[in-house]
Every structure is written in structure tokens, then in C-alpha cells.
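Colleague: Hi! Could you walk me through this one? I'd like the overall picture before the details.

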Amino acid sequence: MFFGLMPLIKMAILMVNAIAILSEDRFLARIGWSTATPTEPQTFGMQQHVVANESIKAKTMNLISATRTLMRIPLIGINSLLIVYELLLG
């Protein structure tokens, strides 16, 4: 069974859409994944060279935050193109 490239592209776009619409106040804060609350105490003047020792949870929180920040505007165009594609080629 040949899966094709377009279903994979649609799946990736849907996953990015799902990440982009997560509400930090209503959903992420309830499960403890909010970036507003620091996970480690910060001290003034201390250099942040603990990037290699970050947990998977911290890396996932950073990925969600970066996706929400960087992909919000491009997703409007990508979703519009996908809607036009589906209307024309179904």
C-alpha cells in the first residue's frame, strides 16, 4: 500500500497546528509545563551553561514555546494553501 507524500505533509501540518494552539494558561500550566514558572531557581549573574543537562521535559517545553512563537504567522499561509489544495484537488 503506497502511502504518498501528501498525507505525511498533512499530518505534519496538523501536528504543528496542534502544538501552536496549546494554551499556556489553560492547559500547559495545569500539567506543570508552563514556561512562565521557572523550573530552576535563577541567580543574578550566573551563567547559563546547563543546556546539556536539561531534562527532556525542559527541552519539550522549549520546543513547544519556540513552535508557538515562530510558527504562528507562517501557519496562516500554510493552512490557507492546504485549504485551497484540498478544494481544488480534493
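Modeller: Happy to! The protein chain exposes about 7500 Å², and carbon and sulfur atoms supply 69% of that area. Bear in mind that this is a predicted model.

Colleague: Thanks. How many helices and strands does the protein chain have?

Modeller: There are 4 helices and 0 strands, so, using the DSSP runs, the pattern along the sequence reads α-α-α-α.

Colleague: And what share of the residues counts as buried?

Modeller: Of the 90 residues in the protein chain, 16% count as buried.

Colleague: What about contacts between residues at least 6 apart in sequence?

Modeller: Among those contacts, 76% join residues at least 24 apart.

Colleague: Let's pick a helix. What should helix H3 span, and how far apart are its end C-alpha atoms?

Modeller: Helix H3 covers residues 56-70, which is 15 residues, and at 1.5 Å a residue it should span 21 Å. Its end C-alpha atoms are 21 Å apart, in agreement with that.

Colleague: Nice. Which residues of H3 are buried?

Modeller: Those are Ala 58, Met 61, Ile 64, Thr 67 and Arg 68.

Colleague: Why would positions spaced like that go together?

Modeller: An α-helix has 3.6 residues a turn, so residues three or four places apart point the same way.

Colleague: Switching to electrostatics: how many salt bridges does the structure hold?

Modeller: The structure holds 1 salt bridge. The side chains of Lys 10 and Glu 86 meet there, at 2.5 Å from N to O. Lys 10 lies in helix H1 and Glu 86 in helix H4, so the pair ties together parts that are 76 residues apart in sequence.

Colleague: Is Lys 10 buried, partly exposed or exposed? And Glu 86?

Modeller: Lys 10 counts as partly exposed, because its relative accessibility is 28%. Glu 86 is partly exposed too, with a relative accessible area of 29%.

Colleague: Leaving aside neighbours within four places in sequence, what is Lys 10 in contact with?

Modeller: Lys 10 is in contact with Leu 82 and Glu 86. As for Asn 79, it is 69 residues from Lys 10 in sequence, and the two are 9.6 Å apart in space, C-alpha to C-alpha.

Colleague: Last topic: which residues make the nonpolar surface patch?

Modeller: Phe 3, Leu 5, Leu 8, Ile 9, Met 11 and Met 15 make a patch of about 620 Å². Phe 3 is found in the segment before helix H1 (6-20), and at 57% relative accessibility Phe 3 counts as exposed.

How values were computed:
Residues numbered from 1 in each chain as written. Predicted model: local features only at pLDDT ≥ 70, side-chain atom pairs only at ≥ 80, totals over all residues. Heavy atoms only, no water. Patch = residues over 30% accessible without salt bridge, like charges linked within 9 Å, V, L, I, M, F, W, Y side chains within 5 Å. Areas by Shrake-Rupley, 256 points an atom, 1.4 Å probe, with all protein chains shown as cover. Salt bridge = Lys/Arg side-chain N within 4 Å of Asp/Glu carboxyl O. Helix = DSSP H or I, 4+ residues; strand = E, 2+ residues; numbered from the N terminus. Buried < 20%, exposed > 50% of the residue type's maximum accessible area, 1.4 Å probe, protein only. Expected span 1.5 Å × (residues − 1). Contact = heavy atoms within 4.5 Å.
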